[in-house]
Amino acid sequence: MKSHSMQISFRCTAKTDPDEFRTISVAWPNFELSCDCDGFNGVICSHIDATLVAGERAMVPEEDWDLADQAMVSVQDLILVPPDWRGAWRQDLVWRGFTSVRRGPRRIVGEDGKPVVCFTGAMPRPRKSLIAEAEAAGWDAVDNPHSKLDVLVAADPNGKSAKLAFARKNGIPVLTFSEWGSLTIDGEIVQ
Ligand SMILES: [Zn+2]
């Protein structure tokens, strides 16, 4: 058997400065995962959690999306997130690509310029009432994700459904039901 050595590196935007990047690398045949940020503890950091565990892409420059996807496939189920890990990055909706507050070409185009939300999976409460509440709060709720979607609210954000895959592929933040409950229309999660 020949052993294949391989390394995949991709960039991830720094949370503190959108013009700065951290570099995440996965090396084989001995599984070695690293990020060059200060927060990397040898196992995980926000950048790795967001891009390789949660599969989010808004913080990865588009030219690096293929590399990030390859890296994610290669580390599937190998990243053991410590139980005491606090994924504080989940609250940083701007970093996660919440479109209505992001500067750049992708702006909200929902009905009447409203931010757009979609729900997926079995929610704790009936979908109909969630949609009614979202609309009352100023959101446009849609049944299927499209590229201008602002947030996808998922029963299981780490699931593998087509809606989740679409959101990841298009850099749309995926929120848990509880995150959705504390999300303001400006894209801030208020604790
Ligand atoms: Zn990092």
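## Terms and model

Two residues are in contact if their C-beta atoms, placed from the backbone, lie within 7 Å. Helices (H or I, at least four residues) and strands (E, at least two) are DSSP runs, numbered from the N terminus. Axes are lines fitted to C-alpha atoms, for helices over the stretch in contact, and angles run from 0 to 180 degrees between N-to-C directions.

This is a predicted model: local features need pLDDT of at least 70, side-chain atom pairs count only at pLDDT 80 or more, and totals for chains, interfaces and linings use all residues. Residues are numbered from 1 along each chain as its sequence is written.

## Overall picture

The protein has five helices and seven strands. Along the sequence they follow the pattern β-β-β-α-α-β-α-β-β-α-β-α. The C-alpha atoms fill a box of roughly 60 × 35 × 30 Å, taken along the principal axes. The radius of gyration, taken over C-alpha atoms, is compared with a globule rule: 2.2 Å times the number of residues to the power 0.38. For 191 residues a compact globule would come near 16 Å; the protein has 17 Å, which agrees.

A residue is buried if 20 or more other C-beta atoms lie within 10 Å of its own, exposed if 12 or fewer, and partly exposed in between; the C-beta atoms are placed from the backbone. Buried residues make up 34% of the 191 residues. Take the contacts between residues at least 6 apart in sequence: 58% of them join residues at least 24 apart.

## Two domains

The protein is divided into domain 1 (6–83) and domain 2 (99–181). These bounds come from an automatic or database domain assignment. The two centres, taken over C-alpha atoms, are separated by 24 Å. Five residues from domain 1 and six residues from domain 2 take part in the contact. On the side of domain 1 that touches domain 2, two residues are nonpolar, one is polar and two are charged. Here Ala, Val, Leu, Ile, Met, Phe, Trp, Tyr, Cys and Pro count as nonpolar, Asp, Glu, Lys and Arg as charged, and the others, Gly among them, as polar.

Two strands pair if DSSP finds at least two bridges between them. Three strands form an open sheet in the order β1-β2-β3, and the pairing is antiparallel. β1 and β3 are the edge strands, each pairing on one side only. From one strand to the next, the twist averages 15°.

β1 and β2 pair over eight bridges. Cys 12 has Arg 22 in β2 as its bridge partner, and Thr 13 has Phe 21 in β2. β2 and β3 pair over four bridges.

Helix α1 (residues 46–53) lies across β1, β2 and β3. Its direction is at about 65° to β2. α2 lies across β1 and β2, at about 120° to β1.

Seven of the eight residues of α1 are buried, so this helix is largely enclosed by the rest of the structure. The buried residues are Ser 46, His 47, Ile 48, Asp 49, Ala 50, Thr 51 and Leu 52. Their cover includes β1 (6–13), β2 (21–28), β3 (32–35) and α2 (65–74). After α1 comes Gly 55, whose phi is positive, near 75°.

## The parallel sheet

Four strands form another open sheet, in the order β5-β4-β6-β7, with parallel pairing. β5 (140–142) and β7 (174–175) stand at the edges with a single partner strand each, so one side of each has no neighbour in the sheet. Three bridges join β4 to β5. Cys 118 stands opposite Val 142 in β5. Strand β6 (residues 151–154) pairs with β7 over two bridges. Val 153 has Leu 175 in β7 as its bridge partner.

How many residues of strand β4 (residues 116–120) are buried? Five of its five residues are. Both faces are covered: Val 116, Cys 118 and Thr 120 lie on one side, and Val 117 and Phe 119 on the other.
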